[in-house]
Amino acid sequence: MQLNANQHIKSGGRKQNNNEKYRHAFPLVFTARPWPSRLIGVVGLGTGSLDNPECLGIFDPHTKSVWIQTSRDSNILWTRGFFGKGNLSRSEPSWHDRQKSSVLTSEEITAQRREARKKFKQERAQALLEAAAQAEAAFAVGQEAPAPVLPSRPAEHLIIPKRPTKDDVLEEDLPKEPTEDLEHLQLTLPEAFFLVWGLGCLTIVDPNTHMPMSLGAVWGSFQNAYSPSPSPSPGLISRLDNPFLINYLVYHHYRSLGWIVKSGTKFCVDILLYKRGPVFSHAEFAILVIPVYENAEDQKSSPFDLPNAGPISWTWLGTINRVNSQVQKTVILTYVVIPSSTSVSSDDRRTPACLSRFSLREVPLKRFIPARMRD
Amino acid sequence: MEGHVSYPILAPVIKKYPATAGPLFQTYNDLSLAQRWESLEVIDLSNALRGGFRGRRPGTTESSVVVPCFLTESLSMSWISSVFQDLPDVKDFYLAICTEDSSVVYYRMSKGIVKPPM
């Protein structure tokens, strides 16, 4: 939405812009107190205030997600913690901006960069072919071949896009701006539950009644979304291997350690961990969630076909490690141990209290090449 | 979902196959609004037990078929064959794999062995 402002700024300025724009790690903001009351704060009393943006979302069981439909809430949740993803965009909701051709968004910059790289590769292939032909011709005559002239790297050809000024674009040429923004910010169920239960800054509305849902209703509905049979009632006793519980456990674990957690579909893994956010650097870690049942009977009676719950083959693991080492990410296997259903009471299962009975183990993977890794 | 502008077009197929309403909806919005496909129409794939789409990628003249599914679904070779049975004169289709964070990943599925382009 404000990405266009960064285009004509040099890299130092863009970094500063991002530091300013994304300065809050979470939607909740503690406001600084003036200095007299800070003295009171030193002795343990004090009145710092908490700014809770109180965002509103709507639950959609079909897509198993929560939709944020106002731009105010979308902006807050994205800039303060990188929650959610625009459903028509790569990350930040930018569909409306892309419809206005005068604004350049990150998707369009990537498209331009890909075009430039494709052109460079074609030119290079062409130059190599010509050089080979010249070398053959020279060899046939008995002379030395001239040195090949390869095209320069695409970065030198890349023109930093400028925001068009009023002089460049005539009013009549501008296409009519679409009146409605058809995009929403989509939160996964773990993200939404973290905002509701962990931070208390989101209220979720039931799609049928349009009334705010209580915490218990949210807890039940999110699990029911994965139920194989249609529409059971909320407040159902949870099965401990419900995909929502597993996904939420892992999400909560890494979020509370300070990582930004996003989906890892594009790299064949479950989630990606970012240190500060997708805007600042690429993800360092790619996580594969592997559920393990403490009690084998629970697995036999499970109505869910949990992915990665069975035996793992080396080819599968090797493929994923290959994909991720090409993009310089470390693969981590996160084993989630599901407690036996007999050891957790039904009371505990009705609330997030059952989460404390799970345990998590991490195994990082690294490919060892003896020839290269001598130190 | 019911209040969204895309819903009326998808409603008949959603009523017939409610389990795959999510991927159908997400894929339709991605194709029509983000990818800007043209002449998009909804088709019924009875063997695959879901709806799909037929339309044209921007810049092409031939139409392509897109079949949506969940990331968590287990698909088998026989399922892929059943899709080709639903579409007798189609040589390949795009499988739209939908995730809960709204990403859609497309894979092209061809009938038989196809040599990759240079």
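User: Which ring does the charged end of K64(A) sit over, and how far is its centre?

Analyst: First, a heads-up: this is a predicted model, where local features need pLDDT of at least 70 and side-chain atom pairs count only at pLDDT 80 or more. Residues are numbered from 1 along each chain, chains are lettered from A, and side-chain values use heavy atoms. A charge sits over a ring if NZ of Lys or CZ of Arg is within 6 Å of the ring centre and within 35 degrees of the ring normal. Here, the ring is that of Y226(A), with its centre at 5.6 Å.

User: K64(A) also lies over the face of a ring in chain B; which one?

Analyst: This time the ring centre is at 4.3 Å from K64(A). The residue is F70(B).

User: Why is the pair of F83(A) and F194(A) stacked?

Analyst: Rings of Phe, Tyr and Trp (its six-membered ring) pair if their centres lie within 6.5 Å; planes under 30 degrees apart count as stacked, over 60 as edge-to-face and the rest as tilted. The centres of F83(A) and F194(A) are 6.4 Å apart and their planes are at 25°, so the pair is stacked.

User: Are F83(A) and F194(A) buried or exposed?

Analyst: Buried means under 20% relative accessible area, exposed over 50%, partly exposed in between (1.4 Å probe, protein chains only). Both F83(A) and F194(A) are buried.

User: What angle lies between the planes of F244(A) and Y248(A)?

Analyst: These two rings make a stacked pair, 6.0 Å centre to centre. They also belong to one aromatic cluster, whose members include W197(A) and W219(A). The angle between the planes is 25°.
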